[in-house]
Amino acid sequence: MYHNVSEVRTNDDTLITVKLMLFFQLDSIEKMLACTNDPIADFVNAASADVIAFCSGLNYENFLTLTGELNKLETFSQLTTRAHMIGYTISKVVFRGFQAGEKLQAMHDEAIQERTRLRLLEETQEQQQRAEDMKLEGERRRAKMQACAMMLPCGFVRVWWACLPMFALCNRASCVREQRNFAPTCVSDRE
């Protein structure tokens, strides 16, 4: 059974409509005939009372975070008690959502959009920062390698990685002489 509890007021005076779906089963027709003339009206009244009791203790923001509680039978104690008294069992209550006034809903939608915009902006800035960090790290490595490199007269470059010489790439006499005179200015990674 679908049931909308209209104009429920939270403790900060926000009016909302809570939408429910109730699942029930008739256990005792004799008990129902003896105890009620309208079991559906009993369900509607008891469910409404439970929703009003739930919402009256919460402000709008708390209501938004605790809507999952409206899917639990424990929240609907008056409904389950009344159903048992008239020969029914409530097997499940499903919270189908809520509806606020147009102005409040518009404000809430704007707040959601603003939070989403800020979250996306934060993620974009983090990505830009990571890209800048990667660029700076690459420039730092490149500068370190250039400080540890020597251009030989033949055009080959001899690289000193972490101040340890590598094998000469050229055996020409002028290149060998340059290599012997080269004193690297790089700093070891360990320092």
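Mentor: Keep in mind that this is a predicted model. H4 lies across S2 and S3, and its direction is at about 145° to S3.

Trainee: Which strands does H2 lie across?

Mentor: H2 lies across S1, S2 and S3, and runs at about 40° to S1.

Trainee: In what order do the strands sit in the sheet?

Mentor: Read a sheet from strand to strand. The order here is S1-S2-S3, in an open sheet of three strands with antiparallel pairing. S1 and S3 are the edge strands, each pairing on one side only. From one strand to the next, the twist averages 25°.

Trainee: How many bridges join S2 to S3?

Mentor: Eleven bridges join these two antiparallel strands.

Trainee: Now the core. Which residues touch the most other members of the largest nonpolar core?

Mentor: They are Val18, Leu20, Phe63 and Leu79, in a core of 26 residues. Two or more residues come from each of these elements: strands S1 (2–9), S2 (15–26) and S3 (88–100), and helices H2 (39–56), H3 (60–65) and H4 (77–85). H2 gives the most, with six residues.

Trainee: What does leucine 79 touch?

Mentor: Leave aside residues up to four places away in sequence; leucine 79 then touches Leu22, Phe43, Ala46, Ala47, Asp50, Ile90 and Val93.

Technical notes. Residues numbered from 1 in each chain as written. Predicted model: local features only at pLDDT ≥ 70, side-chain atom pairs only at ≥ 80, totals over all residues. Heavy atoms only, no water. Core = buried A, V, L, I, M, F, W, Y, C linked by side-chain atoms within 4.5 Å. Buried < 20%, exposed > 50% of the residue type's maximum accessible area, 1.4 Å probe, protein only. Helix = DSSP H or I, 4+ residues; strand = E, 2+ residues; numbered from the N terminus. Contact = heavy atoms within 4.5 Å. Pairing = 2+ DSSP bridges. Axes fitted to C-alpha atoms, helices over the stretch in contact; angles between N-to-C directions.
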